[in-house]
Amino acid sequence: MIGLWLGGPLSIILCTFVGAVAGHFYDQANALPPEDPTEGLRERFEPPGLPEPLSRAALDDEAQEHFARHLCALFIEVARADGEVVRDEVRVAREYFQNELKYGPEALHLVRGHLKAFLARPPHLAESIAACREELPTADRLLLVDALYQLALTDGPLQRSEQETLRQIAQGLGLSEEDRRAVATRYLAVDDSQYARLGLTPEATDAEVKRAYRQLAAAHHPDRVTHLGQGAIEQATRRFHEIQQAYEEIRRLRGL
């Protein structure tokens, strides 16, 4: 049964994906052929021994491998976004399948093969994104993006290139920018006070954040108060740095 090898935060995704794919394969494999008026005659002259349809268990295994290939493709794309993929990232990916998805030795052998192949030759990302988008409902696609954020953080803080790749994947999966940002907030939390320093709330749009920063940075730049003496310069400098720090934190969260 599928449930015997599920576990962890991606279990719902895997169950849904495998169920949908296996069901699709099963329907195709066992579909009734169209009516043929010569069917009785062909039974008399054609030899027996036609292959039996694949069992449900075999189709489940095929669907599991299908899912693993696409998930490996997405992970490798995120891992290589900030440069060369390091050994620890591959190890974390392999352990994710082993510990979270409860893949057995045989399935893990397939995972290692997919990872090795995608390291040598970049995967067709669009194909894997399209497969996940087609087979997974919105809630499970959000869980998938959540898992990719976890994997991206294994080698340190997210780089802008990684955030851009994650944004591209989320868009390809049909998720809104608000959905992606809601996932990112779990890993790149910015205190509401950072928004308050720019006179904003977390609901502000990217354009509003940029506009507020430009206006405040211009208004509080130390060069504007040089004629007022050293005290005014120091005060303006502190405020200017606060504005810069708040903007950089928000920009890091949103991948601006």
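I began with one face of helix H5, where Pro105, Glu106, His109, Lys116 and Ala120 are exposed. For me, exposed means over 50% relative accessible area, buried means under 20%, and partly exposed is in between (1.4 Å probe, protein chains only). Helices are DSSP runs (H or I, at least four residues), numbered from the N terminus.

I noted that this is a predicted model, in which local features need pLDDT of at least 70, side-chain atom pairs count only at pLDDT 80 or more, and totals for chains, interfaces and linings use all residues. Residues are numbered from 1 along each chain as its sequence is written, and side-chain values use heavy atoms, with hydrogens and water left out.

**H5, the other side**

Which residues of H5 are buried? I found Ala107, Leu108, Val111, His114, Leu115 and Phe118. They sit on the same side of H5 because they cover an arc of only 115° around the axis; the arc is taken from the directions from the helix axis to the C-beta atoms. A handy reminder: an α-helix has 3.6 residues a turn, so residues three or four places apart point the same way.

I also checked the span of H5 (residues 105–120): its 16 residues reach 23 Å from first C-alpha to last, close to the expected 22 Å. The expected value is 1.5 Å times one less than the number of residues.

**Proline 123**

Next I looked up proline 123, in the loop between H5 and helix H6 (125–135). Proline 123 is buried, at 10% relative accessible area. Beyond four places in sequence, proline 123 is in contact (heavy atoms within 4.5 Å) with Ala73, Ile76, Glu77 and Phe118. Arginine 69 is 54 residues away from proline 123 in sequence, yet their C-alpha atoms are 9.6 Å apart.

**Aromatic pairs**

How many aromatic pairs does the structure hold? I found two, a pair being rings of Phe, Tyr and Trp (its six-membered ring) with centres within 6.5 Å; planes under 30 degrees apart are stacked, over 60 edge-to-face, the rest tilted. Tyrosine 213 and tyrosine 247 are stacked, with 4.1 Å centre to centre and 10° between the planes. This pair links helix H11 (residues 206–219) to helix H12 (residues 230–254). Tyrosine 213 is buried at 18%, and tyrosine 247 is buried at 11%.

**Confidence**

Last, I checked pLDDT, the predictor's confidence in each residue, from 0 to 100. The chain averages 75, and 73% of the residues score at least 70.

Conventions: Helices (H or I, at least four residues) and strands (E, at least two) are DSSP runs, numbered from the N terminus.
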